[in-house]
Structure formats: C-alpha cells, structure tokens
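Reader: Could you walk me through how to read a few features of a model, one at a time?
Author: Gladly; let us open it together.

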Amino acid sequence: MAREIPIIWLDSVDSTNTEVYRRADRLDNMSVIAARDQTAGRGQRGNSWLVDPGTNLTFSMYLRFGEGHLPPLQAEDQFALGEAATLAVARLMEEEGIDARIKWPNDIYVRNNKICGMLIENSLEGRYVRSSIVGIGVNCNQTDFPPQLANPVSMKILTGRHFELEPLLCRLAELLRENVLKLSDVEGRRELREAFLSKMYRIGQLHDYTDLVTGEVFKGTIVGLGKDSRLKVRKEDGSYKEFAFKEISYIL
C-alpha cells in the first residue's frame, strides 16, 4: 500500500507555492500544503488567483528529483510535469461526472469555462530538474465569481453538489502521485503524452486565435505538440506554426 501523502492544511496563507518555498528544507518529498484562504495566490502570466475562502482547493505539492528522491528528470522533459498534473485533475473531474479538457499548457476547461489553473515552478540544476512546486487551484464550491474573471465555472455549478475539500484533495494528491511516478521512464512519459493529447481542449477543431507575436487573428486547428512541447496549429491555408507559451491567445 502506498505511503500516505503528507498534507498540511493552513487556514490562511499568501500563496501555497510561496509557503512551500519557505518550508522546503523541512518538507518530505511529495508533501502538500493546502490553504482554506489564499490571499495572494499566483497564476500563469503573473495573474492573481481569486477565490472565496473555504470554497475551493488551493494547494501545492513539493517534488524533489535525483539521488535519494524521485528518479532524475531531465530539464528537456519538464513539460511532462504539467502533463502529470493536468491529467490528475482531468481524472478527478471524470470520477465526479465532469468532462474536462486540458487547455494548453496547463489550464483545465469544461466546454469554454475554466475550472482549474496551475502554476508549476521548476528549479533546474544543469540538465536536470532538481525540484518542482506544482501549484493547483480548483474551483469546487464557489458559485459567485469576481466580474474580472471572464469565464469561470466550478464543480458545484456543474453538478449541483457540494464537495468536501479534504477528501477531494486526498484523492487528487494520490492521482498526482501516480502520474508523477510515471515520469521515471520513457514508457511512462509516452503514456502521459498520449493521454494529454487525447484530452486537449479544441484539438482537431477549427477555431479563432490571436498570434501574440505578430498580432494576427487567424483560424486554425490544434493538431498536437511540436518541438519543446510547443502548441502545433494548422492554419486554414494548410501551413503549420508552433507557439511557445505567451505566443498565442485563444479567442473564446
């Protein structure tokens, strides 16, 4: 039987990622810090993560790689951490009757609404990932959202059910651990990549996008991932382009 994942619940913290940094020397590998209220939560692109206290999951898992810890993970494979985390959330949603998709690189959407965001911060040492903080925010029981959030949704809005946060986090942490353990070999990473592609938001569908480098608005079809896990898109004229993070915007 797998060892129970250490979970530390805090009533309030500025950011669970930041709190992991502060406690890193004292945390066991794969420990989780969760907060009932996060006062300065951070998201991708420098955005803040806004939640009602006590209604949602906001937590971070600390991972160490290398001798005496998890098997080494090369820096070139670090996108697989996002695959492991997003697939864990997607699986949790599936278990609760919610059909969720992964909006590249690591948001979780239900139709055109965001239900989960992540901030994954990796520390590198040469060609390897030394440690990682996987920060995840899942909208669980919140039903009213600030107007500046354009397209949020929650598990409660979708199902009409109230979710107990502590058992929900225990299950999600276990799913995340299962996926992280697949990072240690080529076959496991291949399995994660195939599952990630199968769950991608908008894959194989024609939609509108903005090229944030050139400013061009275009129609395109996501076909998969390219070099360095960039988003690969086929334009209407049949040409292909690969986008790095912050180089493409989805028009919803």
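Reader: Which backbone nitrogen lies 3.3 Å from a polar atom of the side chain of N56?
Author: First, a word on the model: it is predicted, so local features need pLDDT of at least 70 and side-chain atom pairs count only at pLDDT 80 or more, while totals for chains, interfaces and linings use all residues. Residues are numbered from 1 along each chain as its sequence is written, and side-chain values use heavy atoms, with hydrogens and water left out. A polar contact is a pair of N or O atoms within 3.5 Å; within protein, one must be able to donate a hydrogen and the other to accept it, and residues adjacent in sequence count only if both atoms are side-chain atoms. Here the nitrogen is that of N141. The side chain of N56 also makes a polar contact with the side chain of Q142, at 2.7 Å.

Reader: Where does N56 sit, and is it buried or exposed?
Author: Buried means under 20% relative accessible area, exposed over 50%, and partly exposed in between (1.4 Å probe, protein chains only). N56 is buried because its relative accessibility is 3%. Its place is the loop between β4 (48–49) and β5 (57–64); strands are DSSP runs of E, at least two residues, and helices runs of H or I, at least four, numbered from the N terminus.

Reader: How many residues of α2 are buried?
Author: Of its 17 residues, 14 are buried, leaving α2 mostly covered. Just after this helix, G97 takes a positive phi of about 80 degrees.
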